[in-house]
Amino acid sequence: MGLQAQAQPDAQPLAGAAPAMLLVYNSIMNELVRFSPKGSRRQTKTGVRTNDPQRTMANILEVAMAEFGEKGLAGARIDEIAAATDTSKRMIYYYFGSKEGLYTAVLEESYRRMRQNEASLHLEDLEPVEALSKLVAFTFDHHNDNETYIRTVMSENMNRGQYMAKSKFMQELNVPAISSIAQIYERGVASGVFRPGLDPLDIHATISALAFFNVSNRHTFDLIFKRDGRSQQAHAKRRANVVELILRYLRADKSPNWAI
């Protein structure tokens, strides 16, 4: 995997994001740029350019996400990140403190983007069944299209969550995930389409498990069962099945004619 990352649409800082998430993101960036390097300009091979700490850090994070996602914390190399971003190890350590500090920032940024994209769905404007269907389909597609995100989460689980536990922002970043599902579920129960007595956190865990496995185990699963799970047809079929599974789990009416 090449390290020279291209800017992704969801890499822009929280355009249209919820105020709470914007506050968390700004807190992260302010924590990282408490002090700017001395001087406002620096010389490069192509001439003089204005020093922009936030842009530099965003570029470092973009490349670091690919590096840590591909190699994990132990295998990632700060030298390679520095080379791919036209910075230096010293600059990276200045902004992020250490390799572990950069890795923690990558975890935070990975989850921030996920929650930012969820917020852009505007699920509160949809009826409960449509809102839940859209959320499940989005989660499935997001995980399928962002293997680096999945590999990063797998890496941190291999670390038993020790670096995520040190994050000042991880809890705040993920509160919207549960509150969004809780609101959809409560509206569905009130309207009679969802059965009562379920835990929104358990609903979230079930959605995550079905979407996550599709990527985390895709290589071994496809080899064992000799299938191409990444084909457009297979993806669409599996996504539809996952949406149906979740809706049938929540539905109040157990008759086979219940519309999905």
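## Helix packing and buried residues

Tutor: In this predicted model, α5 passes α8 in a left-handed crossing.

Student: Which residues meet where α5 and α8 pack?

Tutor: From α5 you have Leu107, Glu108, Tyr111, Arg112, Arg115 and Glu118, and they meet Met170, Leu173, Asn174 and Ala177 of α8.

Student: On to α11. How do you know that its reach is close to what's expected?

Tutor: α11 covers residues 232-250, 19 residues in total. From first C-alpha to last it reaches 28 Å, and at 1.5 Å a residue you'd expect 27 Å.

Student: Which residues in α11 are buried, and why are they said to be on the same side?

Tutor: The buried ones are His235, Val242, Val243, Ile246, Leu247 and Leu250. They cover an arc of only 130° around the axis, so they sit on the same side of α11. Look at the other side of α11 and you'll find Gln233 and Lys237 exposed.

Student: What do the buried residues of α11 pack against?

Tutor: Three helices: α6 (128-145), α8 (170-191) and α9 (200-216).

Student: Why is Asp222 called buried?

Tutor: Asp222 has a relative accessible area of 9%. Buried means under 20%, so Asp222 qualifies. This residue lies in α10, residues 218-225. Leaving aside residues up to four places away in sequence, Asp222 touches Arg227, Asp228, Gly229 and Arg230.

Student: And what makes Ser155 count as buried?

Tutor: Run the test again: the relative accessibility of Ser155 is 11%, and the cut-off is under 20%. Ser155 therefore counts as buried. You'll find Ser155 in α7, residues 147-158. With residues up to four places away in sequence left out, its contacts are Gly72, Leu73 and Tyr103.

Student: How many helices and strands does the protein have?

Tutor: Eleven helices and two strands. Reading from the N terminus, the order is α-β-β-α-α-α-α-α-α-α-α-α-α.

Student: What share of the protein's residues is buried?

Tutor: Of its 260 residues, 44% are buried.

Student: And what share of the contacts with a separation of 6 or more comes from residues 24 or more positions apart?

Tutor: Those pairs account for 70% of them.

Definitions and conventions: Residues numbered from 1 in each chain as written. Predicted model: local features only at pLDDT ≥ 70, side-chain atom pairs only at ≥ 80, totals over all residues. Heavy atoms only, no water. Helix = DSSP H or I, 4+ residues; strand = E, 2+ residues; numbered from the N terminus. Buried < 20%, exposed > 50% of the residue type's maximum accessible area, 1.4 Å probe, protein only. Contact = heavy atoms within 4.5 Å. Expected span 1.5 Å × (residues − 1). Arc of directions from axis to C-beta. Left-handed = near helix turned anticlockwise from the far one by under 90°.
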